[in-house]
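Please look over the sequence and the structure before reading on.

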Amino acid sequence: MAAFDPAVNRHWLLDARPKGGNFAEVLSLREEKAPEPGPGEYRVRTIYLSLDPTNAVWMQYDSYLPAVPLGTTMRGLVLGVVDISNHDRIKVGDIVMGMGRWADYVITNGESMGKVPNIPGLPLLAYLGPLGMTGATAYFGLLDIGKPKEGETVVVSAAAGAVGSLVGQIARLKGCRAVGIAGSEEKCNWLTGELGFDAAVNYKAQGWRKQLRAAVPQGVDIYFENVGGEITETVLELLNIKGRIPFCGAISQYNATEPQPGPRNLSILVSRRARMEGFLVLDYTPRMAEMYAEMGPWVADGRIKWKVDLDQGLENTLTSFGKLFSGGNTGKLAVQVSAEP
Ligand SMILES: NC(=O)c1ccc[n+]([C@@H]2O[C@H](COP(=O)([O-])OP(=O)(O)OC[C@H]3O[C@@H](n4cnc5c(N)ncnc54)[C@H](OP(=O)(O)O)[C@@H]3O)[C@@H](O)[C@H]2O)c1
């Protein structure tokens, strides 16, 4: 399939429900004439397409959003530029972000998309990472659900990923000890060497449970849950009395073909008088200004470091997407679909 052509809309159609992560068998890249917006609508040229673990859920079943209907273009978070507008508050050249499609173009009436804030000096990619939904997930999940106090110990899983890498840094900025769990030595070195985590443990290495225990001498006050499964069971054993678990996601289970059993030791929550609470970043949309106000300066002056793992070309979306489940990405995963203005 050809690269980006302004007259053509390439788009990924969902033909069937995936099973066990067989995305290449159920999505196909199609072409059509680039669409025109109707009255009150505008057209967005996709610059960056965000790839998120939850996309796998949207392909499979109804969750907090309805499953993507079969025979339609896959849904995804998009950052793009308006290139035609029939909308009274949006003009050509505006940079917008929101719920779009895995496609070159998105037509919207603006309900699910909005202008990105213009914080001087920051690259556009920052709005996909620390100052976008990813940043908001880490920020509100840790602060609003986890309620960290100075001196506490925060453990985060998928720590070298988009959300996890921010969680540990926010924890540090709030005076906590930050410990990451990630899938390679290289990722762990990035967390401790560049991002300032106090410790990081490679869960694929022999003896990682012992290493984790040693990394949290005061126990775990907050476990920021991103993965589920055995990692959760291991951290639960280390939880302190009145511990908190902001339940952000369970990526180890998104492609499971059978329903997965919960942690076998969940009753630890009783003896530790601990609390586990799920949350959705979408619920925090009305509070984004709070996040910009505190995270904006941290990102602008480099107290928060971030990385976008950027692949090129809409046609390479599936190869890129697979990295989320194989551990191939470090930082926020995205695909560049067309050039920045
Ligand atoms: N609640 C919300 O509103 C919300 C919003 C955004 C994201 N989330 C959730 O947050 C979590 C992280 O999302 P993200 O966007 O930041 O993705 P991410 O962490 O950048 O990417 C996924 C990472 O998860 C790890 N992983 C994959 N399969 C695993 C497994 N079986 N066991 C352990 N680790 C595994 C891999 O790193 P390793 O190399 O370390 O294995 C991979 O790089 C996901 O569960 C996602 O659904 C929730």
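Among contacts between residues at least 6 apart in sequence, 68% join residues at least 24 apart. The model is predicted, and the chain holds 10 helices and 16 strands. The points below take the overall dimensions, then the surface and charges, then the salt bridges.

**Overall dimensions**

- The radius of gyration of the chain is 20 Å, which agrees with the value near 20 Å that a compact globule of 341 residues would have.
- The C-alpha trace spans about 60 × 45 × 35 Å along its principal axes.

**Burial, surface and charge**

- Of the 341 residues, 55% count as buried.
- The chain has an accessible surface of about 14,700 Å², and carbon and sulfur atoms account for 52% of this area.
- There are 34 positive and 36 negative charges, and their mean positions lie 6 Å apart.

**Salt bridges: Asp 198 with Arg 172**

- The structure holds 20 salt bridges, one of which joins the side chains of Asp 198 and Arg 172 at 2.9 Å, N to O.
- This pair links distant parts of the chain, 26 residues apart: Asp 198 lies in the loop between helix 5 (185-193) and strand 11 (199-202), and Arg 172 lies in helix 4 (residues 162-173).
- Asp 198 counts as partly exposed because its relative accessible area is 31%, and Arg 172 is also partly exposed, at 39% relative accessibility.

**Salt bridges: Arg 264 with Glu 233**

- The side chains of Arg 264 and Glu 233 form a salt bridge at 2.6 Å, N to O.
- The partners are 31 residues apart and link distant parts of the chain, with Arg 264 in the loop between strand 13 (239-247) and helix 8 (268-271) and Glu 233 in helix 7 (residues 230-236).
- Arg 264 counts as exposed because its relative accessibility is 71%, whereas Glu 233 has a relative accessible area of 14% and is therefore buried.

**Salt bridges: Lys 323 with Asp 309**

- The side chains of Lys 323 and Asp 309 meet in a salt bridge at 3.1 Å, N to O.
- Helix 10 (residues 317-326) carries Lys 323 and strand 15 (residues 308-312) carries Asp 309, so that the pair, 14 residues apart, links distant parts of the chain.
- Lys 323 and Asp 309 are both buried.

**Salt-bridge network**

- A network of salt bridges links Arg 10, Asp 104 and Glu 315.

Definitions and conventions: Residues are numbered from 1 along each chain as its sequence is written. This is a predicted model: local features need pLDDT of at least 70, side-chain atom pairs count only at pLDDT 80 or more; totals for chains, interfaces and linings use all residues. Side-chain values use heavy atoms; hydrogens and water are left out. Helices (H or I, at least four residues) and strands (E, at least two) are DSSP runs, numbered from the N terminus. The radius of gyration is taken over C-alpha atoms; the globule rule is 2.2 Å times the number of residues to the power 0.38. Buried means under 20% relative accessible area, exposed over 50%, partly exposed in between (1.4 Å probe, protein chains only). Contact means heavy atoms within 4.5 Å. Accessible areas come from the Shrake-Rupley method with a 1.4 Å probe; for residues, only the protein chains shown count as cover. Lys and Arg count as positive and Asp and Glu as negative; His and the chain ends are not counted. The place of a charge is taken as NZ of Lys, CZ of Arg, CG of Asp or CD of Glu. A salt bridge is a side-chain nitrogen of Lys or Arg within 4 Å of a carboxyl oxygen of Asp or Glu.
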